[in-house]
Amino acid sequence: MSSSPAVFVGRGRELAVFAEAFDQMLEGRRQILTLAGEPGIGKTRLAEAFADAAEDRGALALWGRCFEEPGAPPYWPWVQILREIVEAMSPSELSLLAGPDGSEIAALVPELGIAIGMADGRDDAPVEPSRARFRTFNAICGFLKRVTAQVPLVLLVDNLHWADKASLTVLELLSQALVQSRIMIVCTYRDTELSRTDPLPATLGVLGSGDGVARLRLQGLGQEAITVLADGMLGKALSARVVRAIDQQTDGNPLFVIELLKVLLEESRDAGIEPITVRIPDGVRETIGRRLSRLPDHVNGMLRTASVIGRDFDAAVLARIAVVDVEGVLAALHLAEEAGFVSNTDRAAQAYRFTHALIRETLYDELPTPERLQLHALAGDALAAVDADRTQSRLSRIAHHYFESSALGNAEQAVDFAARAAHEAMRLDAYDEAALHFGNVVRLLRQSPRRRPERLREAIYWQTRALTGTADFGAAAALITEALDDHELASDEAWLTDVGTQWIVLTSHSMQAEQLPLLRRLLQRLPQGDSAARAKALAAQAFAERTLGGVHGVKALIDESMAMARRLGDPAVLSHCLRSSLLALAGDPTQIDTRLALAEEYIGVAPPGDSCERMAEALYHQACNLIEAGKFDGVDRVVDSFERLNATKFGFQEYRARALPVVLSLARGEYDGLSAKIETLREIGQKTRGEDADGVYGVQMFMLNRDLGRLRALAPLIERFAASPLNRAWTPGLMLALTEIGRLDDAARELDKLAAGEFAMIPFDALRTSTLVYCAETCTALGDAERAKVLYPLLVPYAGTFATHHLAVCFGSTDQYLGMLAATMGDLDRARRHFDAAVRAHAAARAWPWLARTCQRYALALRKSQEPNDRARAEQLLREAEQLADRLGMQGLGVEIDALLRGDRAQASYPVGLTAREVEVLQLLVIGRSNKDISKVLSISLNTVATHVRNILTKTECANRTEAAAYAHRNGLAGSA
């Protein structure tokens, strides 16, 4: 019996929210709607109503439905959306829309390449994850934004709780790019099935809330809506008693209500409905089962077979599995469609879809395990055989079916298709998908009674690469450790070297501690002659030794590795060894000249290819070396070359490209617009560096706001970042923040922690110099001479270089910190030498903020002397520091210098917190001097004068200069100016 389609009722509020959001979207404002609720609550049906409303108003509504079963191709919801665009546009329109990302889109949607004659621009060799992981994301976002120039888009992503991580990341990036683009995003998801480990909650957090984001959680229908729905479906009005019973048993869940009404209709002999006793099953699965039992047996069998294929299936594939002609399949599906279990989504392609996921799940769960395995095997065969031209796009689904049925003895096919699907995912930068399939290959090969070590080695190598691409370094390390314990696998030295040296990116000390014995054993097994494996292993050992604090012997390992790589004459081997050597020597001040030379050589051998990834790596290393050497002019040239590379438009390299200019701006006092650049860098870093990006952000904001005199207001923010146990960079950062805001007792406690074992806990890594200089600043502020004596020799090797955290800040010449420690120790002669060296270095580098601070700190040291020449020199240095601080707008430093120059008169001696400099300005206001006159009299900039005037008016609560003058007279501040 055919059932009438369900009436759409009870969602007036949600439709109104959509209509308002649609209007905002047309004006280019960010609009995101999320529809959450339990299964069957009507999320997809409401989204369909949204799509209809959008189409009625001239928008293009595009659907991306997430697979609810394993085996979805990478980026599947976005591939569906892109395909709809390709089908809707003419070739000429698509040629214009393709833009610079056309080849990337063609890799995902070959139909685009066919339509405009553009080849898939990807080659089979995967590129570095730091770039590759984001080039596809950016291509999708850019393509969609270009489409909106022609037509508004409403993108409906259904069943988001089943989306893969890569698809979620595309959604996050797109949501951030919605400003000034006519795109609305509507997402549906089940919120009853999410755990804290699922990736979706993090994505929902990125989407945010507030302006432009509406979160709708659908509730059950009320009794009035149930009455209208029943009347529309049954053609009869139900009594209030029956409606109440339906409401109580279903909680108004629309799917449950509809299924129950269909049962009532089918079980009513005379279709009278009312006299029938309401018998509500315990759950919707039982309700669905009761209705399915009324279909002929052959139709039920056909639907159970289709449930193995998935939510979406083709009649041709189903016919091949069921060994029935297509006409017979279509006839059975017609009966199922009439009963409301499936819908025809594309009659030309004979494509069908279960009307709800619960229907498919009910059928699938009914299958006995042996039958289910057999059907998975047949599904894999059918998908591989039907429509052979599209086999590549079905690889993930075929691999899933063969893997599920591998217990039946078709492990060879399962391994083959899983490997093919994994390599295709790598080609598309879908690392999560690739890691899953490579993991299946490894699992199947390990279980095989006929072990093939060479194939297992290859699969482990590629799974490790894929896991590294997802930044899941812990899983990658565990996989490598397991493999290396397998003596049969570890018998191949070349493979062992390639897998072992992948750990060069795993910078955790515990991981390096595990790696080092392996590399030592490996080197003992390798022949003494020249080989690529030996050269790589030597460089990797150098990195591990350096990370674990084994400074001695590192240079010898690098020299041996580099000499061997040069003799071999293989650019790939040489490039690999150069990168490892630079990582091994990073932060070693005694090797700065060596690092500059190695990085220049790295630039020379790095292949310029399509990705320019190695070139970007080489240029970045050289930029960091030049900053450390204080050669800022050279940094500018290298950074310009670095930013022009295509690789810096994506992922981690984009983060580096944005970070280096921030480092330079902080070092030079170029503060205009810098806060916004730091915020942008943080947004990029949260996608590429995780929580580490917050640590970098905190360091940069700390330095910026200290220079601008705003640190006290930001102390709570700094402490929040510092409190994270994951940000070791902020242990000393918190200490210095406490020092700067005057909480010296708390700062002393933090210093005590770091000073344990004569500061032995500070490792030899990228954070070593920043930690040491923070300790030096705090030690000096506390006047701790004993700790200064311990710190001084730890910092001495860094003399003549600049202390840096390469992705965060430059801390200036290390000699200034050595000068501070020497002064704290009471060794003024040594302090003079270091301070003079720091002044020269900062002036040569044009690092003006650090020159100002060095002059002030040098002056503080000289003021301890009783020599008249030292006192005069201190006064001169303070004047120079004052001029620099004034020109740069370093108000915090200016206040400190102001107090020193005026005999340390306490600010409290002036009313309402006026500083000595502000009182000077106020006295000139009293006699009617203009800002320009005040600038000349006090030798400060007009901008600084304006700042002082604003501060005076704010503190004294005066409306203008006249009132301020009167305030000065009343409070005895007019002076004799």
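Predicted model: local features only at pLDDT ≥ 70, side-chain atom pairs only at ≥ 80, totals over all residues.
**Close-up 1. Helix α23 and its buried residues.** In α23, the buried residues are A476, A477, L479, I480, A483 and L484. Viewed down the axis of α23, these buried residues fall within an arc of 160°, so they line one face of the helix. Helix α23 covers residues 473–484, twelve residues in total. At 1.5 Å a residue, α23 should span 16 Å.

**Close-up 2. S561 in helix α27.** S561 belongs to helix α27, which runs over residues 554–568. Is S561 buried or exposed? With a relative accessible area of 0%, S561 is buried, because buried means under 20%. The side chain of S561 reaches the backbone oxygen of A535 at 2.8 Å. Leaving aside residues up to four places away in sequence, S561 touches A535, L538, A539 and C577.

**Close-up 3. The ring pair of Y461 and W462.** The structure holds 13 aromatic pairs. One of them joins Y461 and W462, with ring centres 5.5 Å apart. The planes of these two rings stand at 85°, so the pair is edge-to-face. Y461 is partly exposed, at a relative accessible area of 23%. W462 is buried, at 16%.

**Close-up 4. Y620 and F642, a pair between two helices.** The ring centres of Y620 and F642 are 6.4 Å apart. Their planes meet at 40°, so this pair is tilted. Which helices hold the two residues? Y620 lies in helix α30 (residues 613–629), and F642 lies in helix α31 (residues 632–644). The pair therefore ties together parts that are 22 residues apart in sequence. Y620 has 7% relative accessibility and counts as buried. F642 counts as buried too, at 1%.

**Close-up 5. R372 over the ring of Y364.** Here an arginine is seen with a tyrosine ring. R372 lies over the face of Y364. The distance from R372 to the ring centre is 4.6 Å.

**Close-up 6. A cluster of phenylalanine rings.** Which residues form the cluster? Ring pairs link F18, F22 and F50.

Conventions: Residues numbered from 1 in each chain as written. Heavy atoms only, no water. Phe/Tyr/Trp six-rings, centres within 6.5 Å; stacked < 30°, edge-to-face > 60°. Buried < 20%, exposed > 50% of the residue type's maximum accessible area, 1.4 Å probe, protein only. Helix = DSSP H or I, 4+ residues; strand = E, 2+ residues; numbered from the N terminus. Lys NZ or Arg CZ within 6 Å of the ring centre and 35° of its normal. Expected span 1.5 Å × (residues − 1). Arc of directions from axis to C-beta. Polar contact = N/O pair within 3.5 Å; in protein donor to acceptor, adjacent residues only side chain to side chain. Contact = heavy atoms within 4.5 Å.
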